Amino acid sequence: MVLLDKKPSIIPYMLVYEDVNGGTLRSYLHENSQHLSWNDMIKFSLQIANAVRYLHAKGIVNLGLHLENIFMHNNNIKLADYGLSNRLNGQAVKYQYLGFYKKSDVYTVGNLMQEMYNNIPFAENVVGPIDKYIKIYKDCLCNGPNSRPEIQFIVSNLKSLIVNCNQNINGNDLVITHPQNPFIIQDSMVYNSIPLQKSPMHIDNTSNIEPNHTLESSTELNNLLEIETHNADILDNRGIVFDRHYSIETSAQNRETFSSYQDNTNTHVNPFEITTLYPIYLPHTINSTISSQTYNNLENMRKEVRECFNQGKFLKALELYEEIIKNSQHSAKDQKSASTWDLSWNRCGLEKLNELIKALCKNTTLTSLNLYLNNLGSEGGKALADALCKNSTLTYLELGNNNLGSEGGKALADALCKNTTLTSLNLSANNLGSEGGKALANALCKNTTLTSLNLGFNKLGSEGGKTLADALCKNTTLTSLYLGFNNLGSEGGKALADALCKNATLTSLDLKHNNLGSEGGKVLANALCKNATLTSLDLGNNDLGSEGGKSLADALCKNATLTFLNLFYNNLGSEGGKALTDALCKNTTLTYLDLRNNYLGSEGGKALADVVCKNTRLKIDYFDYFSGLMRY
């Protein structure tokens, strides 16, 4: 909000940006990869290609597309950030580099398609179409700009994949967001309304550039391409690759008349073509001193790594990464790829596990491993446990949903007693049972490196909860513990409450869906009055009732560390709600409270709204069946 004087001397302006709810494409892929499908990948690729096609039809090149300036809103693509864009108007298009610019955009579209392909798992029944998809993006990544397809052909080929695969993709809106000139591209507009016409490109032989002239700097090329000074600086700083071996050579084929899709524009080009040993493009991590031979060697090794992963040759992939990292010109992305492996959703499986075990035992670059949903079973769990006893580099291990069973859990627990590097372990949804829980509790008494442990959905029961509580009294390193959906009951809750009174390291505890009841809620509330380290507590769906709510309200008046509290679906009622409302007027640390589905009534909702008006740092999620969802 901007308040104006009656007679302002300066007129203020505001830029109002459209809200997007899905974050950047990079974060969206990272957070949702396990839920995305072939259908989603084709849709996103087509939306991106369509948006670039529209820009090119309007005489605009983007020159800066990447995963951080493409946003997601309601599962649809939005383009933003046009800091590097150039409009190819009358003065700029007199060179053939109009096409060069466009092919730079095509290259980045190929990069984006490849990123999505590497992050989205598919079902086996789309193998054929996947090969066609790979062919499309590989064509976009050709070294020579002239070898890359026009953007309209990419759009056409992606549409054919939808038709051939009978995919149900509707005409979703494509939105290109710009702070000064927002406009919406609908699918029907892209195909039917943009007047794309073929215009002959005539050759202008009047250029004063000598054949075989060698570019001495990126500035000279920017001047040649008539990139505006401001944008040229940005391009240089973002890592466009220039080398003294780039020469401008006479291109015979450019002396012939050819066609290009333009918006009613007669285009004149000169007969010179920049030829390079590798393409000029906009990855932001390329070092400008890389020689073409080094670059090609690195690219070949990266390609071989991808093939090794597809074939399950993990040891060979690790050895290739070692060679890549030894190369002084490797990128930050290489370093991350070498250290962080995502083999979730059956990319490994029991049949390929032996190769992975060999890589783990080699102890080199791997620090993070995701094996979520690989159906490894107890035998796979035992094999990994043996590898953990020998490995000294891995710090993060995701083993959720692998049906490890109690035997696999016991083996991994024994490994934790010996391993000295692992800091984060996810064993959720593995049917560990109380026996597996007891074994892991024993390991926590001996392990001194683990800081985060997820044991949700494992049927630990009250006995498993009790032994873990005893372990928390002795463990001095664990800071985050997830025990949701384990039916710990009131007895398990009481044991954990006692542990919280003694533990001095835990900062986050998740106990949702554990049937704690009002008695469990009371003892945990009492523990909050004594604990001085916990900052996040999730007690959702535990049937705490009004009595449990009152006890927690009393605890909030005394606790000085808790910032996050989830109490959704606990049937707190109007009395529990009133007690919490009064407590919130006294508490000075809480910043988030979830009170959805607690039947607080309209009066309770009004009281909460009044609290938030007085306490601006606090956010409350509240749902009442009579009033609907409200976020204060």
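These legends accompany several close-up views of a predicted model.

**View 1. Helix α16 and the elements that cover its buried residues**. Helix α16 runs over residues 461-474, and its 14 residues reach 21 Å from the first C-alpha to the last, close to the 20 Å expected at 1.5 Å a residue. Buried within α16 are G461, G464, G465, L468, A469, A471 and L472. Around the axis they cover an arc of only 160 degrees, which puts them on the same side of α16. An α-helix has 3.6 residues a turn, so residues three or four places apart point the same way. The cover over the buried residues of α16 includes α15 (433-446), β18 (480-482) and α17.

View 2. Helix α18, made of residues 517-528, has 12 residues and reaches 17 Å from its first C-alpha to its last, which is close to the 16 Å expected at 1.5 Å a residue.

**View 3. The largest nonpolar core, with L567**. This core holds 96 residues, and of these W341 and L567 touch the most other members. Helix α10, residues 314-326, gives the most to this core, contributing seven residues. Leaving aside residues up to four places away in sequence, L567 touches L539, G540, L544, L552, L572, L580, L593, D594, L595 and N598. In soluble globular proteins, nonpolar side chains tend to be buried together.

**View 4. The hairpin of strands β2 and β3**. Strand β2 (residues 70-73) pairs with β3 in the antiparallel sense over four bridges, and the hairpin that the two strands form has two residues between them. In the turn, N74 has a positive phi of about 50 degrees. Within strand β3 (residues 76-79), N76 and K78 point one way whereas I77 and L79 point the other way, and all of these residues are buried. In a regular strand the side chains alternate between the two faces of the sheet.

Terms used:
Residues numbered from 1 in each chain as written. Predicted model: local features only at pLDDT ≥ 70, side-chain atom pairs only at ≥ 80, totals over all residues. Heavy atoms only, no water. Expected span 1.5 Å × (residues − 1). Core = buried A, V, L, I, M, F, W, Y, C linked by side-chain atoms within 4.5 Å. Buried < 20%, exposed > 50% of the residue type's maximum accessible area, 1.4 Å probe, protein only. Contact = heavy atoms within 4.5 Å. Pairing = 2+ DSSP bridges. Arc of directions from axis to C-beta.
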